[in-house]
Amino acid sequence: MRVIDTKEIADKVYEMALEACVSLTPDCKAALNKAVENERDGAAKFALETLIENCRTAENDKLPVCQDTGMAVVLLEIGQDIQLTGAPLDDAINGAVRAAYSDGYFRKSVCDPITRKNTGDNTPAVIHTHICGGEQISLTFLPKGFGSENMSAMYMLKPAQGVDGIIDAIVQTVANAGSRPCPPVYVGVGIGGTFDTCAFLAKKALAREVGSHSDREDIAEIERIALERINALDIGCQGFHGNTTAIGVSCEWAYTHIAGLPVAVNIQCHCVRCRRAVI
């Protein structure tokens, strides 16, 4: 039995938050650079180059790469052979988020949904915990901005709509969003499960590396076709048209009920700021 104090988890979350809010992931930067090379539209190419320059400046000057430093989303996979000690896990994580957003001078964006009163410290974080085998903890930190989150959608499709219906839902969500989520976007998709698990799967998909593919060939094909159709929409970088509206589509799936086909589409702007660590 491995014993881990939740302070060790909190310290790692603090470190990840400070890094994520000022720097895009290497795979996202590579995708944006590839988009520049492939772009033929002058305005879109200029916009992509500006995004890359913004990323470079943010990293060099330790400034937020986007003014919306988002809600802190934390995914944990905790091995069942671990004993946690110290402060309650959620309290430790929220303390780390609170400290990182203060020390990094990041925008505090969390508020009551009815009164709209700001909590003042960007907590509580959104925390998803999964118990798995082993003696390790896998951590993912994703600061999720709402310019893109607001463009997400949930569909309860009929089973007969099948693969074509899934792809249509993905593409239609991006088409409806237009330039509002600051494209080129990264699209996370949940397929199956129930209403709530499907939405979680879409968020989990955004934690995958940009350009990665599902291990299932049929789902990888959905990713490929959806990305191809999205990039044929001609929305382009920041809405300036061009051939890169999305830098990737990632799908996660779960078994579902015989009467349903839930599909959730979670939109992420070009600022993919996910960080991963193992304790």
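Okay, first the ground rules. What you see is a predicted model, where local features need pLDDT of at least 70, side-chain atom pairs count only at pLDDT 80 or more, and totals for chains, interfaces and linings use all residues. Residues are numbered from 1 along each chain as its sequence is written, and side-chain values use heavy atoms, with hydrogens and water left out.

Let's start with the whole thing. The protein has eight helices and 10 strands; both are DSSP runs numbered from the N terminus, helices being H or I with at least four residues and strands E with at least two. The C-alpha trace spans about 55 × 50 × 40 Å along its principal axes. What radius of gyration would a compact globule with 279 residues have? Near 19 Å, and the protein has 19 Å, so the two agree. That radius is taken over C-alpha atoms, and the globule rule is 2.2 Å times the number of residues to the power 0.38.

How much of it is tucked away? Buried residues make up 49% of the 279, where buried means under 20% relative accessible area, exposed means over 50%, and partly exposed is in between, using a 1.4 Å probe and protein chains only. The accessible surface comes to about 13,100 Å², with 54% of that belonging to carbon and sulfur atoms; the areas come from the Shrake-Rupley method with a 1.4 Å probe, and for residues only the protein chains shown count as cover. As for contacts, meaning heavy atoms within 4.5 Å, residues 24 or more positions apart account for 81% of those with a separation of 6 or more.

Now the sheet. Four strands form an open sheet in the order β4-β2-β5-β10, with mixed pairing; two strands pair if DSSP finds at least two bridges between them. The edge strands are β4 and β10 (275–278), each pairing on one side only. From one strand to the next, the twist averages 15°. Angles here run from 0 to 180 degrees between N-to-C directions, and axes are lines fitted to C-alpha atoms, for helices over the stretch in contact.

Two helices pack on this sheet. Helix α4 (residues 89–103) touches β2, β4 and β5, and its direction makes about 140° with that of β2. Helix α7 (residues 195–205) also touches β2, β4 and β5, at about 95° to β2.

Let's zoom in on β2, residues 71–79. Seven of its nine residues are buried. Eight bridges join β2 to β5 (residues 137–144), running antiparallel, and Val-74 stands opposite Phe-141 there. With β4 (residues 126–132) there are seven bridges, and that pair runs parallel; here Ile-78 faces Ile-131.

Staying in β4, take Val-126. It counts as partly exposed because its relative accessibility is 29%. Leaving out residues up to four places away in sequence, Val-126 touches Met-71, Ala-72, Val-73 and Val-74.
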